[in-house]
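Have the viewer open beside you as you read, and look each item up as we go.

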Amino acid sequence: MVGARLYDLMYRFWAPWDAAGVRDDLRAFLDEGGISPAQYPRAVDLGCGSGANVVHLASIGFDAYGIDFSPVAIRKAHERADDAAVTATFLVGDLTGASIDGVDGAFDLIVDFGTLDDLRGDARRAMARTITRLSRPGSRVLEYCFYGETGSLPRFSFKGASRMSHIAPGELEDLFGDDWAIEPFREY
């Protein structure tokens with residue numbers, strides 16, 4: 001997989017998002033949304049990278065999983081969990097595939113920070129199917145993505161939405177249909 005090789009290289013040398021640690025948006029979602037491991041015990045981070053969010057989820061009591069297509073990122077995630085002395089499950093997997101080896105059953109909390117909006121076309125639709133397949137009635141999904149009208153965005157940006165990486169208005173509704181209640185958590 002060409003994309004995985006590029007991400008492997010970035011995780012070996014410098015992945016700019018990797019230094020951020022646990023996302024503040026995840027902390028806010030858990031706090032403001034009143035989501036706890038008692039209520040939503042099983043959590044998965046799709047495109048987990050080196051596992052900061054998964055380790056945080058595990059440290060506060062979630063049965064936490066992380067899935068990424070980069071073996072280098074998953075190796076770093078295992079190291080991060082070991083350093084934090086938490087138990088979490090990390091798997092190398094294709095989020096656009098029909099199944100992911102090692103993942104059984106549904107999750108109560110599904111987290112995605114910037115994976116869905118990096119995909120295009122059939123791959124984006126396939127990941128949306130994965131999110132639905134990994135959920136159950138009552139699951140909560142934190143889908144963090146760049147959002148905007150395609151024509152009003154720059155072709156490329158290091159600081160936010162661009163034509164190369166964003167979700168257009170109405171696209172989430174098209175991807176997830178009537179199966180989901182989509183609510184903006186926070187607008188920036």
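1. Of the 188 residues in the protein chain, 46% count as buried, meaning under 20% relative accessible area, with exposed set at over 50% and partly exposed in between (1.4 Å probe, protein chains only). Please keep in mind that this is a predicted model, where local features need pLDDT of at least 70, side-chain atom pairs count only at pLDDT 80 or more, and totals for chains, interfaces and linings use all residues. Residues are numbered from 1 along each chain as its sequence is written, and side-chain values use heavy atoms, leaving out hydrogens and water.

2. The protein chain has six helices and five strands, taken as DSSP runs numbered from the N terminus (helices: H or I, at least four residues; strands: E, at least two). Read from the N terminus, the order is α-α-β-α-β-α-β-β-α-β-α. Among contacts (heavy atoms within 4.5 Å) between residues at least 6 apart in sequence, 66% join residues at least 24 apart.

3. Now to a helix pair. Helix 2 (residues 24–32) packs with helix 3 (residues 52–59) at an angle of about 30°, and their axes are 10 Å apart. That makes the two helices, helix 2 and helix 3, roughly parallel, a label for angles under 35 degrees. The axes are lines fitted to C-alpha atoms over the stretch in contact, with angles running from 0 to 180 degrees between N-to-C directions.

4. Which residues in helix 2 meet helix 3? Leu26, Arg27 and Leu30 do so, and their partners in helix 3 are Asn53, His56 and Leu57.

5. Phe90 deserves a click. Leaving aside neighbours within four places in sequence, Phe90 is in contact with Cys48, Gly51, Val54, Val55, Gly66, Ile74, Ala77, His78 and Ala81.

6. Finally, a backbone item. Ala85, in the loop between helix 4 and strand 3 (89–92), has phi near 55°, a positive value in a residue other than glycine. Is Ala85 buried or exposed? Ala85 counts as exposed because its relative accessibility is 70%.

Technical notes:
Angles under 35 degrees count as roughly parallel, over 145 as roughly antiparallel, 65 to 115 as roughly perpendicular and the rest as oblique.
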